[in-house]
Amino acid sequence: MIQAAIAAGAGLIVFYLVVKALDLDLGYGFLSGPAGFNFSNQWLTNYDSNDSRLGAYGVGILNTVRLVAIGIVMTTVLGVLAGIARLSDNWLVSRVAMVYVETIRNTPLLIQIVIWYTVVLLQLPRIAEAINVFDVFYLSNRALALPYVSTGGNFGPWLIIVVVGAVAAIVLRSWLRRREERAGGTQHATAWALALFAVVSVVTFFLTGTPLEPDTPSLEISEVGLLSIIGGLQVSPEFAAVLLGLVIYTGAFIAEIVRSGIQALPRGQDEAAAALGLSGYQRMTLIILPQALRVIIPPLTNQYLNLTKNSSLAVAIAYPEIIWVGKTMINNIGHAVPLFVLIFATYLSLSLAISVVMNTFNRRVQLAGR
Amino acid sequence: MTLADTKRHSSDTGAARGWLSKNLFSSPSNSVLTVVVGSFLFFVLYAAVKFIFFDADWTIISVNKRLIFLGRYPQGEEWRVWPPLWLVFGLGGLSYGLLARASRRDLVWLGVILAFILGFLAHGGVGLLFGGATLFAIAAYRVGRMAEDRPRLRSRLRRAVIVGWLVLIPFTVVMIAAFGGVRPALWGGLLLNVLLAIVGIGVGLPLGILLALARASSLPVLKAVSTAIIEVTRGGPLVAWLFISRFVLPAFLPDWLQVDPIISAMFIVSLFTGAYVAEIVRGGLQSVDPGQSEAAHALGLNTFNVTLFIVLPQAIRAVIPALISQMIALWKDTTLFTILGFTDALGGAEAAFSQTEFIGRQKEALLFIALLFWSGSLGMSRLSQRFEKVLGIGER
């Protein structure tokens, strides 16, 4: 009885929504039309405003993915360091880490992003007076230029050799590990593998005639007579502000996760390792962290998903990620419903990809111990 | 004289040196770390003190107080805000008094925040009303403490507190909006953030509990519907949902339901909070031993009573810390309404530093509202720790 009533109610609501939706144009045909707007940030593509809306949405996806991918790597490093620092024997270090966590975690992320953007990055000098750090970094309110590498002639072949070298190194390492387990003692598996990889990539690097060249930015006068920064990796202040905000904010949460993960281990683990004569660094990397990972990974995955969703706050300072693209298209031509379905599908795929990777990692960590 | 005796008789400087060598200079690498971090800290503190006391020009805040706290709220209607605020102060003091004796640390924090507000923001009539509210809270706290060893008074006060918190939201909304009050479109500033947070948790919490119960139910249709609502809602970021409330919702609502954009945004925020609360409560429901409900059924209680009086109280007690973190997240997320163009506290600050006479004063405005939100979040997380201690969560 109750079931039927609920089903009928839900059915009525769905029916109403469908009837309403039929008035709207739900197709995706509009995506093939020309987009008609430009991007302040582009990456890996040479999109221009005559390209289709689908292409514009693709640029938006790339912008989101770039933010999330770089953000996850950086925030993990920061969070793990801060989490370990909170448990440091050094009173000053643990206090600084605590203040970091308590201030950042309790302040809205949007305010932090706006502070990074309007107070820090937009207050940098104009390009003509860009702050020059050792002739390799240029900081201005239009772009932050960092040294980078550009690809030379034989980059393709060299890349293939490097990949083969990496595979060979992994095979070598697991073979040495097996020998280690059979024969006992240590075979320095990781060191040998790294050495193999280094030799292969460095030797072929010179044989193929420097496929990668350092690309340092420089301040030059362009054809139109304006000073501009040329070369290097140029980062827009919008991207930098969102990235800094996301990394520092999420790092504070990860620090707490790492801290509680380490504290969940019995103290005896650390003491026993110390009694065996391991150094502080060895205890942390060989004994404590591998065990703590089991507790850390599930909530860590959650934080990665939060970071992915929080990347949408970039729309507040007009960094062109998917929500910004969607909003711009809706302002131009409408089609809000199909666009939001597309946006949700994009976030869902990103979240699923992160979950799948982290769950695989999690399973390996869990198996290793038991 | 043994070693222990020497230690005991050593002077204060000796103790300080011992503390330093144990905590800051225990090894060469530790000493290097101390020096590096110490000089960094010194630099930061120096810059902060220099900025706050010498370089900053805080007139942007004192001139734009109204914009930051009330937004475009009409002049002459401020009196509507005070009764709910007094109610919150009184209930807060009473709840604290009933729960526990105030710790010195909490008192110091509260004192600092109140002194800050009184000295910086509240002058004249506002100062009197605010000071009165503070005294009211202290009196309510005393009453709560007095009830400690009077069980009957205590249970009566408890009931009053619970009813009070439940009445708070409708009371606030009626006070502000009803009887020729202020239209939602004119709600703004920190008042808007507070209202959004209160409505979000006030509607989201019961909604979330219902969704969690539906998801845990044995009726497949109910379960499927609530699971779908929860997962779709959690699938996208709040920003996307806010844009949906702006661009999509109006097309789907019948004319008689077309409401103010703030109301439809409040509806969306409540749904969003509800979905997250549902997942938290679901965890709590799973932590309750099935034997509890079996035993209650055996005693002859019906399903409704078992859920309401046996399962839910235990489930919610177990997840109070997570619920309070969700409240803190909601409190911080209320700033996202700036993106939709509402003048909340962040929007007010942005409006303030775009005035010509305050160009270049972004720092002061943004740091000030960051401090407002920070103190709110910190207060809630301290409250959560106190709750955990009083209820003995995590101890068996």
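## Exercises on a predicted two-chain model

Among contacts in chain A between residues at least 6 apart in sequence, 66% link residues at least 24 apart. The exercises below concern this predicted model.

**Exercise 1.** Describe the make-up and extent of chain A.

*Solution.* Begin with secondary structure: chain A holds 11 helices and eight strands. Next, take the extent along the principal axes, where the C-alpha atoms of chain A fill a box of roughly 80 × 75 × 45 Å. Then turn to burial: of the 370 residues in chain A, 40% are buried. Finally, consider the surface; chain A exposes about 19300 Å², and carbon and sulfur atoms supply 67% of that area.

**Exercise 2.** Decide whether A:Leu286 counts as buried or exposed.

*Solution.* First locate the residue: A:Leu286 lies in helix α9 of chain A, which covers residues 280–310. The relative accessibility of A:Leu286 is 53%. The cut-off for an exposed residue is over 50%. A:Leu286 therefore counts as exposed. As a further step, relate A:Leu286 to A:Ala273: the two are 13 residues apart in sequence, and their C-alpha atoms are 9.3 Å apart in space.

**Exercise 3.** Characterise chain B, and state where its coordinates call for caution.

*Solution.* Chain B contains 18 helices and zero strands. Its C-alpha atoms fill a box of roughly 80 × 65 × 45 Å along the principal axes. Of its 396 residues, 43% count as buried. Among contacts in chain B between residues at least 6 apart in sequence, 77% join residues at least 24 apart.

For confidence, note that chain B has a mean pLDDT of 81, with 93% of its residues at 70 or more. Over residues 1–9 of chain B, however, pLDDT stays under 50, and the model has one contact beyond four places in sequence for this stretch. Where pLDDT is low, predicted coordinates should not be read in detail.

**Exercise 4.** Determine how much area is buried between chain B and chain A, and which residues of chain B lose the most.

*Solution.* The size of an interface is often expressed as the accessible area lost when the parts come together. Between chain B and chain A, that area is about 4100 Å², of which carbon and sulfur atoms give 77%. In chain B, the residues that lose the most area to chain A are B:Phe247, B:Phe252 and B:Lys332, together 16% of what that side buries. By residue count, the contact takes 48 residues from chain B and 45 residues from chain A.

Notes
Residues are numbered from 1 along each chain as its sequence is written. Chains are lettered from A and ligands numbered from 1 in the order in which they are written. This is a predicted model: local features need pLDDT of at least 70, side-chain atom pairs count only at pLDDT 80 or more; totals for chains, interfaces and linings use all residues. Side-chain values use heavy atoms; hydrogens and water are left out. Helices (H or I, at least four residues) and strands (E, at least two) are DSSP runs, numbered from the N terminus. Buried means under 20% relative accessible area, exposed over 50%, partly exposed in between (1.4 Å probe, protein chains only). Contact means heavy atoms within 4.5 Å. pLDDT is the predictor's confidence in each residue, from 0 to 100. Buried area is the accessible area (1.4 Å probe) that two parts lose on being put together, summed over both. Accessible areas come from the Shrake-Rupley method with a 1.4 Å probe; for residues, only the protein chains shown count as cover.
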